[in-house]
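This report describes a single protein chain for a reader new to it. Please keep the sequence and the model in view while reading.

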Amino acid sequence: MLYLIGLGLTDETDVTVKGLELIKKVERVYLEAYTSILLVDTAKLEAYYGRPIIVADREMVESASDDILAGADSSDVAFLVVGDPFGATTHTDLILRARELQIPVQCVHNASILSAIGATGLQLYNFGQTVSMVFFTDTWKPSSFYDRLKENQQIGLHSLLLLDIKVKEQSLANLARGRKIYEPPRFMTVAQCASQMLETEEERGEGVCVPQSLAVGVARVGARDQKMAAGTLKQLSGMDLGAPLHSLVLLGKRTHYLERDFIREIAVEQDVFDTVWSERYEGKQ
């Protein structure tokens, strides 16, 4: 059996009882370590689970899935995923490969940012398409996210933006020369995301994410030191919410007054929030 086991959002204790029991009994344990991270290192997971863990980077998962599945037709293998296995990133490719090899697959679900973002007080029913924000470079500034935000905006829905992480990435020079030299890990912040949204708005000019647009920035959702801040994109572009992981929600015009009251409590400046709400959101559903 191949088990896909969700680990939740923060630390080693977020694993479910069912997931932990399986981790303790399988023959091999892999940790998917490139689409997201927990807030603790692998050594802490190993100590809590009582098992050695094989870290599976992008190259292994995408190019060496046979190594992960080797023997899973006659023994049990666990593939651990931060959040939920079918949450922000699905691993359908690995499942399809297992099916080809006639290896049974079982999933153990857990909390995902897609559900935990409800901690902001914004109603999950009022969210539209989730989009990803990647790091811009001097020569590459993709704006496809803007089109998804625009579609959500047209029907008044919130937009959850999942922010880029760079783990075990090679520079273009090292990649071209085939050198296995990796860049230091990077994790996009709410401030960087808001800045890139404003930069794209300047280029596109369609009023999707203007400086006065209200948004909620979140960091380390589910952890004891989670942090949230509501404000305009201009305000959030200067906010420091601390350590990763960060996400951002762009408010839709259909925001309910209960949602407004909830996020107003975490506003950077409540008077600014009230003014922008009155001018741009109240009665605009």
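Q102 is exposed, with a relative accessible area of 72%; here exposed means over 50% relative accessible area, buried under 20%, and partly exposed in between, with a 1.4 Å probe and protein chains only. Q102 lies in the loop between helix 5 (92-100) and strand 5. Helices (H or I, at least four residues) and strands (E, at least two) are DSSP runs, numbered from the N terminus. Although Q102 is not a glycine, its phi is positive, at about 60°. These values come from a predicted model, in which local features need pLDDT of at least 70 and side-chain atom pairs count only at pLDDT 80 or more, while totals for chains, interfaces and linings use all residues. Residues are numbered from 1 along each chain as its sequence is written, and side-chain values use heavy atoms, with hydrogens and water left out.

R220 also is not a glycine and has a positive phi, of about 55°. R220 is located in the loop between strand 10 and strand 11. R220 counts as buried because its relative accessibility is 9%.

## Overall form

The protein chain contains twelve helices and twelve strands. Its radius of gyration is 21 Å, close to the 19 Å that the globule rule gives for 285 residues, so the chain is as compact as a globular protein of that length. The radius is taken over C-alpha atoms, and the rule is 2.2 Å times the number of residues to the power 0.38. Along the principal axes, the C-alpha atoms fill a box of roughly 65 × 45 × 35 Å.

Of the 285 residues in the protein chain, 45% are buried. The chain exposes about 13,900 Å², and carbon and sulfur atoms supply 50% of this area; accessible areas come from the Shrake-Rupley method with a 1.4 Å probe, and for residues only the protein chains shown count as cover. Among contacts (heavy atoms within 4.5 Å) with a separation of 6 or more, 72% join residues 24 or more positions apart.

## Nonpolar cores

A nonpolar core is a set of buried Ala, Val, Leu, Ile, Met, Phe, Trp, Tyr and Cys residues joined through side-chain atoms within 4.5 Å. The largest such core has 25 residues, and M133, L161, M197, L233 and L248 have the most contacts inside it. Elements that each supply at least two residues of this core include strand 6 (131-133), helix 7 (144-154), strand 7 (159-163) and strand 12 (246-250). Helix 9 contributes the most to this core, with five residues. A second, separate core of 21 residues includes A230, V249, I263 and Y281.

Leaving out residues up to four places away in sequence, M133 touches F145, L161, L162, L163, D164, M188, C193, Q196 and M197.

Which residues of helix 1 are buried? They are G19, L20, L22 and I23. These residues lie on the same side of helix 1, because they cover an arc of only 165° around the axis; the arc is that of the directions from the helix axis to the C-beta atoms. The face turned away from the buried side of helix 1 carries the exposed residues V17, K18 and E21.

The buried residues of helix 1 are covered by elements including strand 1, strand 2 (28-32), helix 2 (42-49), strand 4 (77-81) and strand 5 (105-108).

## Positions listed by UniProt

In an unreviewed entry, UniProt lists L9, D84, G87, S112, I113, L163, V221 and H246 for "binding site". UniProt positions are given in the numbering used here, feature names are shortened, and annotations may be inferred rather than shown by experiment.

L9 is placed in the loop between strand 1 (2-6) and helix 1 (17-25). Apart from neighbours within four places in sequence, the contacts of L9 are D14, L38, G83, A111, S112, I113, A116 and V221. I113 belongs to helix 6 (residues 113-116), and I113 counts as buried at 14% relative accessibility.

## Further local features

T232 is part of strand 11 (residues 227-232) and counts as buried at 7% relative accessibility. Not counting residues up to four places away in sequence, T232 touches P211, Q212, S213, L214, V272 and V276.

The peptide bond from P244 to L245 is cis, with omega near 5°. L245 is in the loop between helix 10 and strand 12. H256 is in the loop between strand 12 and helix 11 (257-264), and H256 counts as partly exposed at 29% relative accessibility. The C-alpha atoms of H256 and L122 are separated by 8.5 Å, with the two residues 134 residues apart along the chain.
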